[in-house]
Amino acid sequence: MKTLFDCKKACKVKVLKLNAATELKQRLISFGIMKEAEIEVLEHAPAKKTIEIKVGKMRIALRDQEAELIEVEKL
Amino acid sequence: MIDTIDVDAKSCPVIANHIKVALVGQPNVGKSMLINSVSNAHLHVGNFSGVTVDKTEVLFDYKDYHFTVVDLPGTYAFTDYTIEERVTHDYLCAEEYDIIINVADSTNLEKNLQLTSELLTMSKKVVIALNMSDEAEKEGISVDADYMSELIGVECIKVSAVTKLGIEELIDAVIRNYENDKHESKLIFSEPVEEEIAQIIWYLDKHKYEAKNSYRNIAINLLKNNQKTYARLHDNPIWTELQPILIEASKHIELHHNSDDIKEAFAEEYASFNRGVVTGVVKQKKQLQQKTLTEKIDNVLIHPILGIPIFLFFMWGLFQLTFEVGAVPMEYIDAFFGWFGDAVGATIPNDDVRSLVVDGLIAGVGAVVLFVPNIIILFIGIALLESTGYMSRVAFLLDGFFHKFGLHGQSFIPLVTGFGCSIPAYMSARILKNDRDRLLTLFIIGFMSCGARLPVYVLFAGAFFSPEMAGNVLFVIYISGAILGLIAAKILKLTAFKGADEPFVMEMPKYRLPSIKLMWHTVLTKTMMYLKKAGTFIAAASMLIWFLSNYPKNLILEDEYSVKIEQALSTEEKVHFQNSLATDLLEQSYLGSIGKFSEPIFAPLGFDWKMSVALQTGLAAKEVVVSTLGVLYALGEDVDEENNSLINAISKNISFPSAIAFIVVIMIYLPCLAASIVFTREAGGIKYFFYLLFFTSVAAYSMAFIAYNITKMLV
């Protein structure tokens with residue numbers, strides 16, 4: 001199982017599943033992170049604590065813990 | 001009676017034609033800016049979520065109508081995730097209003113439509129403002145607004161808050177929709193969902209269920225598990241029959257979406273409708289695979305290695321500017337108040353009244369007004385940080401670091417605001433969803449030295465360090481305050497606020513050039529607030545301190561000295577007696593008694609009674625610390641930190657270790673009265689105020705004690 005956390009910079013992936021609890025899942029969905037959505041990894045913060053991704057035209061920052069909850073496959 | 005009606009009629013000639021508009025949109029779509037260009041209102045527009053923390057009402061007239069526009073906090077979807085989202089959702093569901101203006105960012109329509117599609121399922125009139133259409137054109141995006149109106153069954157108007165394009169058309173559309181009957185939007189779900197909706201509508205229709213909202217709206221709400229709709233129907237007899245239908249319907253939809261979460265299923269429904277709309281109406285010119293400006297800037301500013309040093313450099317630059325540039329106009333302001341005091345004093349014959357006005361009122365207010373240049377520079381810096389979008393980048397960079405201390409990356413936003421003033425900082429902590437995280441941040445905000453504490457630092461830095469060093473000293477004071485805050489956060493997180501962390505999911509908005517007009521508005525409003533405080537609260541406090549330091553009168557002492565002064569042989573001796581009279585009088589005044597009484601408490605920190613008093617008056621407002629010190633040390637001379645006599649008095653009378661300890665106390669102890677009130681409100685109870693009082697007092701006292709003794713050993 002590959003998660004968003006495992007992706008390197010400039011990697012493009014498709015979301016397969018959100019393993020987050022209801023509340024966080026709603027939050028992710030409201031940011032456009034949902035099944036079938038295409039994500040590009042833009043940048044890692046120092047020590048990979050936070051990552052910056054691009055969904056559609058929106059740039060979003062996520063913490064490593066949250067990125068691990070997003071199952072993806074490489075495009 | 002008749003008079004009042006007349007007045008009303010004059011100010012409000014067409015009472016009947018009143019339109020109440022709810023302005024809704026996702027964060028960073030330019031809602032507040034749109035209101036600004038519609039009504040020229042003085043609103044603050046920010047580029048990160050959390051600027052419009054409360055709903056703001058704006059009133060204006062157009063054609064035959066009175067408009068009340070309620071600007072609601074930005075919300076991504078109806079998820080009630082943050083307090084702001086709850087404010088918006090509750091307002092839209094429960095309050096009375098006529099029409100919704102949904103502001104959408106034309107450059108990112110698909111994401112914005114997520115909120116729009118949820119709005120469309122409410123049975124309310126909606127007009128969509130496609131904002132930033134000028135920017136979209138520049139990016140080669142064309143939106144067919146007419147076709148979009150047709151597709152979703154709601155009027156869509158292209159506007160630009162910046163160039164004021166389409167603003168009138170938008171208001172005209174609002175009036176048109178207000179005057180006409182509402183028609184259902186054309187939001188369509190997938191076949192399985194539509195089947196279930198039809199089924200529920202048929203059932204409600206069969207039982208002639210009475211409701212204000214349309215059956216379709218109720219059906220959708222039921223399928224989406226909307227709790228309020230459930231609660232309403234739950235008490236109705238038809239519920240027993242409706243429930244099995246709903247259970248079946250949910251299963252059907254969940255099966256179709258291959259998910260056990262009905263909300264996720266609906267999100268996907270909305271998303272596919274939105275994709276359809278966007279495919280139909282948005283034409284994107286083929287762009288070269290070129291990096292956007294934002295991406296280029298981000299490559300540098302959030303660089304894994306360079307990012308944090310660059311940020312620290314910006315902050316250092318800001319404090320240097322605050323000190324260096326701020327010092328220039330101070331001389332003039334100082335000279336003005338000196339002249340003004342003399343000029344006014346010359347017109348007052350009565351000694352006591354003159355002293356009250358010149359030494360109390362003018363000196364006290366002057367000391368505070370003197371810092372307006374510093375405050376303006378600091379506010380400009382913070383406004384720039386907010387409005388360019390850099391604030392979110394810093395949150396991104398610092399989250400890993402903050403997280404170690406139990407804070408959230410987004411805590412950074414209220415914390416930086418705290419450098420300006422604690423009050424908006426406490427309010428902007430609402431962007432944190434988790435109550436524990438929010439409380440923790442609220443407790444730490446006080447460690448970020450606010451603008452009002454700047455005068456004390458400027459005064460002490462000037463008294464103990466060379467002018468070239470003063471800027472650096474300021475920077476060190478602010479940074480060490482912040483570091484102490486982080487340590488305090490860690491301690492609190494390990495003790496009082498144990499628990500799971502809030503997830504960190506945050507939008508990184510596009511970089512924007514700050515609009516001069518908005519910056520001007522923001523800085524002007526904040527500066528005026530500061531000046532207003534100087535004119536009211538500080539003026540009153542200065543007079544009170546003047547009174548406390550001049551009374552009770554001691555005539556025996558005065559007589560004794562006047563004899564001595566008369567008999568004095570040289571002018572030098574005369575001055576000596578005058579000064580010791582003033583000192584003796586001050587010591588037996590009310591303020592002197594208070595200071596003497598509390599002196600033993602502060603003695604281990606090396607404070608004399610004057611410093612003790614200044615700290616206590618500082619509880620009312622931090623600006624008062626300087627004016628108190630001024631009154632007490634310079635004895636009614638012109639008082640302000642740039643005034644050499646006060647700087648001299650301080651460097652003469654206060655030892656270096658005591659000064660360090662004093663700065664430490666100012667850094668940590670309880671924020672001013674107004675901020676404490678806001679803190680109590682935001683934290684949600686008076687008990688938190690007592691926690692804060694206890695926490696800050698203990699921390700301030702012990703840290704100052706350590707600082708005092710260490711400095712004493714070193715010096």
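Two strands count as paired here if DSSP finds at least two bridges between them. Keep that in mind as we walk through this model, which is a predicted one.

E1 and E3 belong to an open sheet of six strands in chain B, ordered E2-E3-E1-E4-E5-E7, and the pairing in it is mixed. Which strands sit at the edges? They are strand E2 (56-62) and strand E7 (155-158) of chain B, each of which pairs on one side only. From one strand to the next, the twist averages 25°. Helices join in as well. Helix H6 (residues 145-152) of chain B packs on the sheet, where it touches strand E5 (125-131) and E7 of chain B, and its direction makes about 160° with that of E7(B). Then there's helix H7 (residues 167-179) of chain B, which lies across E1, E2, E3, strand E4 (99-105), E5 and E7 of that chain. H7 runs at about 170° to E5(B).

How is the rest of chain B divided up? The domain assignment gives domain 1 (2-179), domain 2 (191-258), domain 3 (309-494) and domain 4 (541-714). Let's stop at domains 3 and 4 of chain B, whose centres, taken over C-alpha atoms, are separated by 21 Å. Here 45 residues of domain 3 are in contact with 40 residues of domain 4. On the domain 3 side, the elements that give two or more residues are helix H14 (307-347), helix H15 (351-369), helix H19 (422-428), helix H20 (435-445), helix H21 (454-464) and helix H22 (467-494) of chain B. Which of these gives the largest share? That's H15(B), with 11 residues. By class, this side of domain 3 of chain B divides into 30 nonpolar, 11 polar and four charged residues.

Next up is the meeting of the two chains. Chain B brings 30 residues to the contact, and chain A brings 30 residues too. On the chain B side, the elements that give two or more residues are helix H4 (109-120), helix H12 (262-281), helix H17 (390-404) and strand E9 (505-508). Sorted by class, the side of chain B that touches chain A has 14 nonpolar, seven polar and nine charged residues.

E9(B) pairs with strand E4 (residues 58-63) of chain A in the antiparallel sense, over four bridges. One spot to check is A:Arg59, whose bridge partner in E9(B) is B:Met508. This pairing puts you in an open sheet of six strands, in the order E5(A)-E1(A)-E2(A)-E3(A)-E4(A)-E9(B), with antiparallel pairing. Its edge strands are strand E5 (70-74) of chain A and E9 of chain B. Neighbouring strands of this sheet are turned by 40° against each other on average, direction ignored. Further in, five bridges join strand E2 (residues 38-44) of chain A to strand E3 (residues 50-55) of chain A, and these two run antiparallel. There, A:Ile39 has A:Val55 in E3(A) as its bridge partner. Across E3 and E4 of chain A, together with E9 of chain B, lies H17(B), which runs at about 145° to E9(B).

Is B:Pro304 buried, exposed or partly exposed? Because 14 other C-beta atoms lie within 10 Å, B:Pro304 counts as partly exposed; buried would take 20 or more, and exposed 12 or fewer. Leaving aside residues up to four places away in sequence, B:Pro304 touches A:His44, A:Ala45 and A:Pro46. The C-alpha atoms of B:Pro304 and B:Leu397 are separated by 8.0 Å, though the two residues are 93 residues apart along the chain.

Finally, a word on confidence. Chain B averages a pLDDT of 81, and 92% of its residues score at least 70. Over residues 41-53 of chain B, the pLDDT is below 50, and this stretch has 52 contacts in the model beyond near neighbours in sequence. Residues 636-642 of chain B also have a pLDDT below 50, with 33 such contacts beyond near neighbours in sequence. For the complex, the predictor gives an ipTM of 0.90 and a pTM of 0.72.

Methods: Residues numbered from 1 in each chain as written. Chains lettered and ligands numbered in written order. Predicted model: local features only at pLDDT ≥ 70, side-chain atom pairs only at ≥ 80, totals over all residues. Axes fitted to C-alpha atoms, helices over the stretch in contact; angles between N-to-C directions. Contact = placed C-beta atoms within 7 Å. Domains from an automatic or database assignment. Nonpolar A, V, L, I, M, F, W, Y, C, P; charged D, E, K, R; others polar. pLDDT = per-residue confidence, 0-100.
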